[in-house]
Each structure stands twice: as structure tokens, then as C-alpha cells.
Amino acid sequence: MPTILVEVMPKAELLDPQGKAVSGALTRLGKSEFTDVRIGKRFELTVDGPITDAIRADVQHIADEILSNSVIEDVVAITYPEAE
Amino acid sequence: MRIGVITFPGSLDERDAQRAIRIAGAEPVALWHGEHDLHGVDALVLPGGFSYGDYLRAGAIASVSPIMAEVIDAANKGMPVLGICNGFQMLTEAHLLPGGLIRNDHGRFIRRDQVLRVENVDTAWTNEFTANDEIIIPLKNGEGGFIASEAELDRLEGEGRVVFRYLGRNPNGSLRDIAGITNERGNVVGLMPHPEHAVEPGFGPDTADAMRSGTDGLTLFTSAIQALAAV
């Protein structure tokens with residue numbers, strides 16, 4: 001069952017309060033070499049059959065329209081399993 | 001006059017919204033997200049809460065609920081639609097309003113009695129205010145930071161579509177202190193603060209006059225009734 005990965009990140013120019021909180025925790029732990037942390041999302045979409053062109057088109061559509069909101073986020077990667 | 005309030009899984013404030021509608025003088029109608037039926041209502045309220053646990057993004061899954069097809073259709077035909085807090089988030093996710101709402105810049109949930117300036121009194125939900133009225137209604141959100149591109153913000157400002165603006169300290173990092181906006185036609189309004197919690201003396205926000213005496217939120221609902229009566 002092939003699993004397709006979709007990765008979404010908050011837009012680079014927007015403040016990421018979650019990442020900022022984690023960054024603050026790292027600093028408190030003495031891990032000051034990490035100057036920034038940003039948190040995004042990874043979706044794993046599983047399909048039963050082979051990945052067809054129609055499925056690829058669907059993945060692109062739902063990545064753009066449902067899994068992300070282009071006002072606040074960017075789809076940074078869509079990764080397909082290696083061709084069998 | 002019948003005003004529908006849609007309940008989504010995780011809605012919190014639908015009963016308060018129904019009560020506000022009743023106090024304003026209209027009949028509230030409980031609607032369910034899973035139906036394709038608006039039951040003939042004259043206006044709609046999308047209430048606050050945490051629909052679908054705010055999974056994916058606040059309001060995102062609710063914005064593709066079955067009933068949203070009818071909501072979008074009705075909104076595009078001019079029906080008054082008010083989105084409060086989570087309802088505002090749904091309206092942006094459904095592209096009925098521009099922009100988006102992200103986690104508060106300070107990273108924490110905030111609840112306070114919020115002073116707002118009413119800047120557009122031509123919408124279906126604000127026609128009984130006077131321009132630049134300052135009102136107090138409760139604010140409570142974790143993801144209330146309004147954002148849009150600079151071009152979109154300039155367009156909203158230029159077209160007078162900023163309906164409510166935060167006064168005093170910005171509570172959530174909203175760009176240009178925007179608390180609520182409207183669509184081009186003025187029938188769809190979304191705002192983060194909660195007018196339905198400021199409709200009855202004794203149960204509203206604190207004001208300079210007395211504790212819990214604020215009823216400024218009621219005017220949004222009486223405005224909708226006025227807008228419907230004028231049709």
C-alpha cells in the first residue's frame with residue numbers, strides 16, 4: 001500500500017508561535033546552537049492500488065485546497081514512494 | 001424572522017447565539033452541520049467553539065461540512081451570515097471572507113472584555129451602530145491572529161471592509177488591529193470577539209458603569225433583523 005507524503009509549513013514570513021516556544025525551550029536547555037525552530041505538518045496518504053496520474057492530480061489538489069491554506073501556509077513537498 | 005445557528009461537532013456557543021437571537025427579537029433555528037438543509041431561515045450564524053478539535057486548521061474541516069455548500073450558496077445570494085470566532089475561521093477557510101487566522105502571536109489563549117471600534121456601519125450586522133462607536137464585547141481565542149497579504153489588507157482598508165478594530169493593546173497579533181471584516185456585498189461578517197456573550201445585563205462584559213452590564217453585542221443581532229426587515 002503506497003504512502004504519499006505531503007509536507008506543509010507555515011509561510012516563512014509569518015510568526016510561528018509554536019516553533020518560537022520550542023526554540024525557547026531549547027535555549028533554556030542550553031542548546032543555543034539552534035537559532036530557530038519552525039513547526040509544520042506531515043500528512044501520510046495511503047492508497048490501495050498503484051499511483052496513477054489521476055491520483056497524483058488528486059493529491060496535488062487536496063494538498064493545495066484542503067491540507068494547506070495558501071493564505072497562511074505553503075506546501076513544501078509532495079513525495080511519492082519509489083516506483084516499484 | 002428566523003435566524004439559523006449551525007452546530008458543528010465541537011461548537012461551544014451555539015446556545016448563547018440562539019439566546020442572543022431570541023433576546024434581539026427573532027426566532028432562533030438550530031441547524032446541524034451534517035444536513036444539506038437550511039430549513040428556510042432568513043439569516044445564519046456560525047458560532048464559536050473548536051469544531052473538529054481545530055484539527056488540520058481552525059475551522060478547516062467544518063468549512064467542508066455538508067451544510068457549508070448551502071451556506072456558501074446562500075451567502076453568495078445575499079443572505080446575512082455572521083461568523084463568530086470559530087465561525088469567522090470557517091468563513092475564511094470557505095473563502096467567503098479573505099485572509100486567515102493563525103495562533104496568537106504570544107502563543108497563549110486569551111480571554112478578556114475587549115474594546116472595539118465599529119468602522120463599517122453599512123453591513124447587515126452593523127447597520128444599527130453609529131460609525132466609530134466604541135463597544136465592549138468578550139474576546140476568547142487561541143488562534144485569533146488575523147493575517148492577509150499587504151495587498152489584501154490595503155484592499156480591505158480601501159474598500160472600508162474592516163468592520164471592527166481592536167482598541168488598546170492588540171490581543172492576538174492581528175495585522176492592523178483587525179478584529180472583524182466583511183465581504184464586498186456587506187452581508188457576510190466575521191469577527192473574533194463574541195457579541196452573543198454581551199446581550200443581557202448581568203451576564204455581559206464589565207463596563208465603566210457596572211460589572212457584567214455590557215450589552216453592546218445585541219446590536220449585531222438587531223441589525224440583522226433590521227436588514228431583513230428592509231428587504
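Biologist: Which residue stands opposite B:Gly190 in S11(B)?

Modeller: B:Ile181 stands opposite B:Gly190. Please bear in mind that this is a predicted model. The pairing belongs to strand S10 (residues 178–182) of chain B, which joins S11(B) in the antiparallel sense over 3 bridges.

Biologist: What about the turn between those two strands: how many residues lie between S10(B) and S11(B)?

Modeller: The hairpin has 5 residues between the strands, and B:Gly186 takes a positive phi near 85° there.

Biologist: Which way do S4(B) and S11(B) run, parallel or antiparallel?

Modeller: Strand S4 (residues 81–84) of chain B runs parallel to S11(B), and 4 bridges join them. Within that pair, B:Val81 stands opposite B:Val188.

Biologist: Changing topic: where does UniProt place the feature "active site"?

Modeller: The UniProt record, an unreviewed entry, places it at B:Cys85, B:His194 and B:Glu196. These positions are spread over 112 residues of sequence, yet they cluster in space, with a largest C-alpha distance of 10.9 Å.

Biologist: Where is B:His194 found in chain B?

Modeller: B:His194 lies in the loop between S11 and helix H5 (218–230) of chain B. B:Glu196 is found in the loop between S11 and H5 as well.

Biologist: Why does B:Glu196 count as buried?

Modeller: B:Glu196 counts as buried because it has 29 C-beta neighbours inside 10 Å, and the cut-off is 20 or more. B:His194 is buried too, with 25 other C-beta atoms within 10 Å.

Biologist: Which residues is B:His194 in contact with, leaving aside neighbours within four places in sequence?

Modeller: Its contacts include B:Cys85, another of the UniProt positions. B:Asp13, B:Gly48, B:Ile84, B:Ile137, B:Pro138 and B:Lys140 are also among them. With sequence neighbours left aside in the same way, B:Glu196 is in contact with B:Asp13, B:Asp16, B:Ala17, B:Ala20, B:Ile84 and B:Gly217.

Biologist: Let us turn to chain A. What pattern does chain A follow along the sequence?

Modeller: Chain A reads β-α-β-α-β, with 2 helices and 3 strands. Strand S1 (residues 3–10) pairs with S2 (residues 41–46) in the antiparallel sense over 6 bridges, and A:Leu5 stands opposite A:Glu44 there. S1(A) is also joined by 6 bridges to strand S3 (residues 73–79), again antiparallel, where the bridge partner of A:Glu7 is A:Ala77.

Biologist: What radius of gyration does chain A have?

Modeller: Chain A has 16 Å, whereas a compact globule of 84 residues would have a value near 12 Å. The C-alpha trace of chain A spans about 50 × 30 × 15 Å along its principal axes, and buried residues make up 12% of the chain.

Biologist: Finally, how many residues of chain B are in contact with chain A?

Modeller: 13 residues of chain B are in contact with 9 residues of chain A. The chain B side has 4 nonpolar, 5 polar and 4 charged residues.

How values were computed: Residues are numbered from 1 along each chain as its sequence is written. Chains are lettered from A and ligands numbered from 1 in the order in which they are written. This is a predicted model: local features need pLDDT of at least 70, side-chain atom pairs count only at pLDDT 80 or more; totals for chains, interfaces and linings use all residues. Two residues are in contact if their C-beta atoms, placed from the backbone, lie within 7 Å. Ala, Val, Leu, Ile, Met, Phe, Trp, Tyr, Cys and Pro count as nonpolar, Asp, Glu, Lys and Arg as charged, and the others, Gly among them, as polar. Two strands pair if DSSP finds at least two bridges between them. The radius of gyration is taken over C-alpha atoms; the globule rule is 2.2 Å times the number of residues to the power 0.38. UniProt positions are given in the numbering used here, feature names are shortened, and annotations may be inferred rather than shown by experiment.
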